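Okay, thanks for coming, everyone. I'd like to walk you through some salt bridges today, so let's get the model up on the screen.

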Amino acid sequence: EIWHGYLPDVRPGQLYGYRVHGPYDPPAGHRFNPHKLLIDPYAKALVGGIRWNDALFGYRVGDPKEDLSFDSRDSAKYTYKCRVVDTAFTWGNDKAPGVPWEQSIVYEAHVRGLTMLHPEVATEKRGTFAGLATPAVVDYLRGLGITAVELLPVHAFVDEHRLALKGLRNYWGYNSIGFFAPHPLYLADGGLGEFKTMVHVLHDAGIEVILDVVFNHTAESGRLGPTLCFRGIDNRSYYRLPGDNYREYLDFTGCGNSFNLHHPRVLQLVMDALRFW
């Protein structure tokens with residue numbers, strides 16, 4: 001029961017997205033809308049960002065029927081695009097330092113915040129993985145005597161609509177939408193190898209890399225949230241919905257939705273993401 005296809009002419013660099021057809025029936029838990037371009041949950045790289053527009057929502061914003069209405073505007077120009085990547089990388093003899101837990105000294109850091117104003121980091125590398133891997137930053141970390149850097153979320157995330165309306169940003173990144181893709185703003189050259197190079201450099205300096213991950217909810221929020229990825233692919237499988245009202249979402253997270261790790265395919269996605277990183 002797996003639908004699949006093979007596109008032999010697609011090469012690294014190709015941009016793409018999904019459109020999924022099916023019933024739009026929120027009371028039954030279904031929110032399919034082929035007018036909305038969707039992010040591949042397994043995309044290894046995302047391009048662009050979210051430009052908030054009413055077309056991103058599966059329903060007509062402002063309609064008295066709220067999410068029971070249906071919006072037929074194309075969301076493609078307002079959302080992330082997925083990019084086919086080449087995952088090859090020469091790791092050489094790279095190996096995580098493997099410091100015993102009782103000897104570990106962990107330094108929590110924000111990729112952008114750590115380097116954004118650093119005078120010894122080139123302007124074009126500030127706020128990125130490349131900036132974190134520069135000699136000045138690595139020497140600073142080593143000078144602290146730490147054994148590991150714990151990075152706040154590096155998965156692709158979204159600035160919430162309510163923040164965007166106020167001209168604000170989600171600084172911390174706890175609003176994930178791409179569990180396999182590094183956040184585009186943290187890439188200086190847009191390449192997946194930049195993250196791997198950072199890890200390689202830190203390992204070479206004797207510093208382990210720990211990632212803070214967010215799998216308990218996504219950036220699609222509650223029933224009045226946008227249709228960006230999971231909601232449009234299989235809302236009823238990816239999210240926890242009340243058994244007596246599939247239109248609503250079980251919100252254990254305070255972020256509008258809860259990822260449904262009870263479903264084997266959703267759990268598989270999370271485990272695949274952990275193994276990938």
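Helices here are DSSP runs of H or I with at least four residues, strands are runs of E with at least two, and both are numbered from the N terminus. What you're seeing is a predicted model, where local features need pLDDT of at least 70, side-chain atom pairs count only at pLDDT 80 or more, and totals for chains, interfaces and linings use all residues. Residues are numbered from 1 along each chain as its sequence is written, and side-chain values use heavy atoms, with hydrogens and water left out.

So, helix α7: D272 and R275 sit three residues apart in it, which means about one helical turn separates them. They form a salt bridge, with the closest N and O atoms 3.0 Å apart. By salt bridge I mean a side-chain nitrogen of Lys or Arg within 4 Å of a carboxyl oxygen of Asp or Glu. R275 is exposed, at 59% relative accessibility. For the cut-offs, buried is under 20% relative accessible area, exposed is over 50%, and partly exposed is in between, using a 1.4 Å probe and protein chains only.

How many salt bridges does the structure hold? Twelve. Another one pairs R19 with D74, again 3.0 Å between the closest N and O atoms. That pair links distant parts of the chain, 55 residues apart. R19 is partly exposed at 36%, and D74 is too, at 42%.

Now, R223 and D67: their salt bridge is 2.6 Å, N to O, and it spans 156 residues. Both residues are buried. They also belong to a salt-bridge network with R31, E66, R247 and E248.
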